[in-house]
Amino acid sequence: MKTAVVYWSGTGNTEAMAQAVAQGMTDAGAEAVLLTPDQVQAGDLNAYDAIAFGCPAMGSEVLEEMEFQPMFDACKRSLSGKRTALFGSYGWGDGQWMRSWEKDCDDAGLNLVCESVVCAEAPDETALEACRALGKALAA
């Protein structure tokens, strides 16, 4: 199975989560690739069986607006039927950005196959283990 982890990280927290998701995918026997938004064009994701998207909360609890949001908006309509999952970290608030993102995915017909993983600030071992489990579930 070919899988991808597409993420944006400003401080390294979401990047650490992305690496744990990819580790879970490879532990499950999948081929996994890490990609940042500047490496993704809308049609590129058709090559993957499952895709995890990671983005931290920014500003007033929104996705990163310069790179990640435009890339995700361009891709999301072509992801119908693909196994997808979401993850990310936040520094304030209560995770509203993730609930909004999940609703956006639902509205676009995305198949979120497992519960999203969120953590406050830097991921601790519990959060990283949840990311590995997400990767395994996505690649199963």
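Residues were classed as buried at under 20% relative accessible area, as exposed at over 50% and as partly exposed in between (1.4 Å probe, protein chains only). The model is predicted, so that local features need pLDDT of at least 70 and side-chain atom pairs count only at pLDDT 80 or more, whereas totals for chains, interfaces and linings use all residues. Residues are numbered from 1 along each chain as its sequence is written, and side-chain values use heavy atoms, with hydrogens and water left out.

Helices (H or I, at least four residues) and strands (E, at least two) are DSSP runs numbered from the N terminus. In helix H2 (residues 68–75), the buried residues are Phe68, Met71, Phe72 and Cys75. Viewed down the axis of H2, these residues fall within an arc of 95° (taken from the directions from the helix axis to the C-beta atoms), and they therefore line one face of the helix. They pack against strand S1 (2–7), strand S3 (50–54) and helix H3 (96–107), contact being heavy atoms within 4.5 Å.

Phe53 in strand S3 and Phe68 in helix H2 are 15 residues apart, and their pair links distant parts of the chain. Phe53 is buried, at 0% relative accessible area. Tyr90 is likewise buried, at 18%.
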